[in-house]
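I opened my notebook for this one and kept a list of things to look up. Here are my entries, in the order I made them.

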Amino acid sequence: MATSWPGCRNMLCLCMLGLSSVLTIATAASATGGGGGGGDEAALLAFKAELTGGALTSWNGSVSFCSWEGVSCTRGRTPPRVVGLDLLKGGLAGTLSAAIGNLTFLRALELGFNWLHGDVPASLGRLRRLRYLDLGYNAFSGEIPGNLTSCVAMEQMLLDANNLVGRIPAELGNTLTQLQVLRLGNNSLTGPIPASLANMSSLWHLALGNNQLDGPIPPGLGGLAGLQISTSP
Ligand SMILES: *[C@@H]1O[C@H](CO)[C@@H](O)[C@H](O)[C@H]1NC(C)=O
Ligand SMILES: *[C@@H]1O[C@H](CO)[C@@H](O)[C@H](O)[C@H]1NC(C)=O
Ligand SMILES: *[C@@H]1O[C@H](CO)[C@@H](O)[C@H](O)[C@H]1NC(C)=O
Ligand SMILES: *[C@@H]1O[C@H](CO)[C@@H](O)[C@H](O)[C@H]1NC(C)=O
Ligand SMILES: *[C@@H]1O[C@H](CO)[C@@H](O)[C@H](O)[C@H]1NC(C)=O
């Protein structure tokens, strides 16, 4: 689709209406990959230890961790592995434990609309099966870890409405080739829009507005098939 860029300046919003982020978690998975350390239960307990919030009261020893609120596991695999963690609007406050990177079967991590602060852990880069990452509408600070470029299965990455600073990792578009939705708006990001984003051939929704990005819009970005782009004030 041909696209023009009337009056594009520092404040930039590229977006498409009608985002629908329904994600289906199928049952899993290959039998490869070890539990690692204390296993998924230990990683979940380390995650819980840095948080307060109502959704976690069910996270106790009375039932298997696969029955804890928001947790989805593989079926028919011993031991079971966590494939989904959905605590969207979970009333959580605190920091995101680096132990999250031990949940190596995780496909969907949904922590949007909570009160999480501190860094986005670089250990997320260990999640090679992760397709859906929603950390939007929290209070995360620091930079977007370059290690996220290792999440090669990523399809939707929502980091919008936080306090993130620094640059968008330059290599993002060259490694996250499956990415369809990228939301980084409403942060304090600086520097250029990486030219590599034009290499994301599946991208159809890109929201970067309300940052302090500068530099040109990379040539080729408007040429992505199916990407609808509009600027906003
Ligand atoms: C995470 O994995 C590392 C490496 O396998 C291990 O040393 C550590 O104890 C694990 N952490 C938790 C909380 O399970
Ligand atoms: C433990 O979790 C169960 C639900 O899994 C809940 O009904 C129970 O109240 C919890 N116990 C405590 C002490 O919070
Ligand atoms: C980040 O990635 C680098 C390079 O792959 C790796 O050496 C490092 O251990 C990763 N950091 C974490 C916290 O996983
Ligand atoms: C896009 O990918 C190709 C092939 O991997 C690479 O040679 C090129 O440098 C990339 N373009 C940008 C702008 O990063
Ligand atoms: C920024 O946040 C406002 C208020 O939530 C929202 O309406 C707007 O779409 C957001 N912009 C971007 C680019 O995410």
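This is a predicted model: local features need pLDDT of at least 70, side-chain atom pairs count only at pLDDT 80 or more; totals for chains, interfaces and linings use all residues.

**Entry 1: ligand 5.** Which residues are closest to ligand 5, and how many surround it? I found 8 residues around ligand 5, and the closest are Asp 160, Gly 185, Asn 186, Ala 207 and Gly 209.

**Entry 2: ligand 4.** Next I looked up ligand 4. Asn 174, Ala 195, Ser 196, Ala 198 and Asn 199 are the residues around ligand 4. Sorting this shell gave me 3 polar residues, 2 nonpolar ones and no charged ones.

**Entry 3: one sheet.** I moved on to the strands. What is the order of the strands in the open sheet that contains β7 and β9? I read off β2-β3-β5-β7-β9-β11-β13, which makes 7 strands with mixed pairing. At the edges sit β2 and β13, and each of them pairs on one side only. I also noted the twist, which averages 10 degrees from one strand to the next.

I zoomed in on one pair here. β7 and β9 are parallel and share 3 bridges. Asp 134 has Leu 158 of β9 as its bridge partner. A reminder to myself from class: strands of a sheet pair through backbone hydrogen bonds, either parallel or antiparallel.

**Entry 4: another sheet.** There is also an open sheet with the order β1-β4-β6-β8-β10-β12-β14, again 7 strands and mixed pairing. Its edge strands are β1 (51-52) and β14 (212-214), each pairing on one side only.

I followed a few neighbours across this sheet. β8 (residues 139-143) pairs with β10 (residues 163-166) in the parallel sense, over 3 bridges. Gly 142 stands opposite Leu 164 of β10. β10 also runs parallel to β12 (residues 188-192), and 2 bridges join these strands. I wrote down the partners in β12: Val 165 goes with Ser 188, and Gly 166 goes with Leu 189.

**Entry 5: the core.** Which residues touch the most other members of the largest nonpolar core? They turned out to be Val 82, Leu 106 and Leu 133, out of 59 residues in that core. Several elements give two or more residues to this core, among them α1 (39-49), β3 (82-86), β5 (108-110) and β11 (181-183).

Leaving out neighbours within four places in sequence, I found Leu 106 in contact with Val 82, Val 83, Leu 85, Leu 127, Arg 129 and Leu 130.

**Entry 6: Asn 147.** My last stop was a loop residue. Asn 147 lies in the loop between β8 and β9.

Then I checked what Asn 147 touches. Not counting residues up to four places away in sequence, the list is Ala 122, Leu 124 and Gly 125. I also looked up Pro 121, which is 26 residues from Asn 147 in sequence and 8.9 Å from Asn 147 in space, C-alpha to C-alpha.

Terms used. Residues are numbered from 1 along each chain as its sequence is written. Chains are lettered from A and ligands numbered from 1 in the order in which they are written. A nonpolar core is a set of buried Ala, Val, Leu, Ile, Met, Phe, Trp, Tyr and Cys residues joined through C-beta atoms within 7 Å. A residue is buried if 20 or more other C-beta atoms lie within 10 Å of its own, exposed if 12 or fewer, and partly exposed in between; C-beta atoms are placed from the backbone. Helices (H or I, at least four residues) and strands (E, at least two) are DSSP runs, numbered from the N terminus. Two residues are in contact if their C-beta atoms, placed from the backbone, lie within 7 Å. A residue is near a molecule or strand if its C-beta atom, placed from the backbone, lies within 6 Å of it. Two strands pair if DSSP finds at least two bridges between them. Axes are lines fitted to C-alpha atoms, for helices over the stretch in contact, and angles run from 0 to 180 degrees between N-to-C directions. Ala, Val, Leu, Ile, Met, Phe, Trp, Tyr, Cys and Pro count as nonpolar, Asp, Glu, Lys and Arg as charged, and the others, Gly among them, as polar.
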